[in-house]
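My notebook for today is open. I want to look up a few spots in this model and jot down what I find.

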Amino acid sequence: MALFDLPLDELREYRSASTEPEDFDAFWSKTLQEAREHDLDARFEPVDTGLSTVQVFDVTFAGFGGHPVKGWLTLPTGVDGPLPLVVEFIGYGGGRGLPHQHLLWASTGRAHFVMDTRGQGSAWGAGGGTADPVGGAPAYPGFMTRGIDAPENYYYRRVFTDAVRAVEAARSHPRTDPTRTVAVGASQGGGITIAVGGLVPDLAGIAPDVPFLCDFPRAATLTDRQPYREIGSYLKTHRGRTEEVLRTLSYFDAVHFAPRGQSPALFSAALEDQTCPPSTVFAAFNAWGHEDKTIEVYDFNDHEGGGPFQEAAQLRWMRSYI
């Protein structure tokens, strides 16, 4: 499909019609406070990977509910002192995979932490290792409607909390510099990145690439591609629950985290992206709270977005911040 969303000049002005809950800040403050009642218990176990230019640690830390969450911390060898830190979040259905799949950021002389996504890691890539021990009400297969009966039960409450704790865990390692921390991620990882940017006030920057989890009311009615279609499929069965579902989703919509962002940002959007339609991405970008923000636009690309070209843009951009 060629262009299907708004023209670019309208995208640059587009604002979401999603309604922010009045207790949005209180909800997230309570959620993170409850998570921090559990000891972070970040453990870094050295791993023999056969790689000579990096040192890899198998990381476990306490996320939402004190549940163990996995990650990889990769450090360049031969580089002394606290290192600037890149924390990365993974796309929908993927897991942390294997250490040798994550060499880009350590190759720049930075520390790199990649968080495993609870319950995921079986759809693509090389797998994950983090369970999601929380049950929930009936849901459509996938993750988008798990616990959608109430904000307190929703799957992404756990994931976003894990992500904030992942930043805290990565920063706790003695060879990382907490003052020079950037969050990155593509698709689902991009949506998580925006949420973290709104919940962690002292990041040096964020770089969400073709982000998912933005502008739920528009996304759920504009595209019939998964994963957003999971929401419509759920409502097709659970007739009459649209208002209730949109209320739950409003607590997890990146457009509501975005105004709280206090760091520079580099976004990307692809104008033929039917998975994360460009208007939904621009909704979050246009709402981002820090004035130092840029968006790369890929005119003829679908959800692959800029791919390695966007990585190159991130490499150039990041020099200014960490």
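I started with Val210, which sits in the loop between β7 (205-209) and α5. For names like these, helices (H or I, at least four residues) and strands (E, at least two) are DSSP runs, numbered from the N terminus. Val210 has a phi near 35 degrees, a positive value in a residue other than glycine. Is Val210 buried or exposed? Val210 is buried, with a relative accessible area of 2%. My cut-offs: buried means under 20% relative accessible area, exposed over 50%, partly exposed in between (1.4 Å probe, protein chains only).

Before going on, I noted that this is a predicted model, where local features need pLDDT of at least 70 and side-chain atom pairs count only at pLDDT 80 or more, while totals for chains, interfaces and linings use all residues. Residues are numbered from 1 along each chain as its sequence is written, and side-chain values use heavy atoms, with hydrogens and water left out.

Next I checked Ser187, in the loop between β6 (176-186) and α4. Ser187 also has a positive phi in a residue other than glycine, near 60 degrees. Ser187 is buried, and its relative accessible area is 13%.

Then I went to the loop between α5 and α6 (229-237), where Pro227 lies. I found a cis peptide bond joining Gln226 and Pro227, with omega about 5 degrees.

On to strands. I looked up β2 (residues 54-62) and saw nine bridges joining it to β3, the two running antiparallel. Two strands pair if DSSP finds at least two bridges between them. β2 and β3 form a hairpin with five residues between them, and Gly65 in the turn has a positive phi of about 70 degrees. Gln55 stands opposite Leu75 in β3. On β5 (residues 111-115), I counted four bridges to β3, again antiparallel, and Gly71 stands opposite Met115 in β5. How many residues of β3 (residues 68-76) are buried? Eight of its nine are, which makes this strand mostly covered.

I turned to helices α2 (residues 24-35) and α3 (residues 155-172), which pack at an angle of about 65 degrees with axes 10 Å apart. Axes are lines fitted to C-alpha atoms, for helices over the stretch in contact, and angles run from 0 to 180 degrees between N-to-C directions. Among the residues that meet here are Phe27, Trp28 and Leu32 in α2, and Tyr156, Phe160 and Val164 in α3. Contact means heavy atoms within 4.5 Å.

Phe160 came up again in the largest nonpolar core, which has 76 residues; Phe160 is one of those touching the most other members, along with Phe89, Phe113, Tyr156, Ile194 and Phe267. A nonpolar core is a set of buried Ala, Val, Leu, Ile, Met, Phe, Trp, Tyr and Cys residues joined through side-chain atoms within 4.5 Å. α3 gives the most to this core, with ten residues. I listed some partners of Phe160, including Trp28, Leu213 and Phe257, not counting residues up to four places away in sequence.

Last, I looked at α9 (residues 278-287), which is mostly covered, with ten of its ten residues buried. What covers the buried residues of α9? The cover includes α1 (8-11), α4 (188-199), α5 (216-222), α8 (254-257), β8 (265-270) and β9 (293-298).
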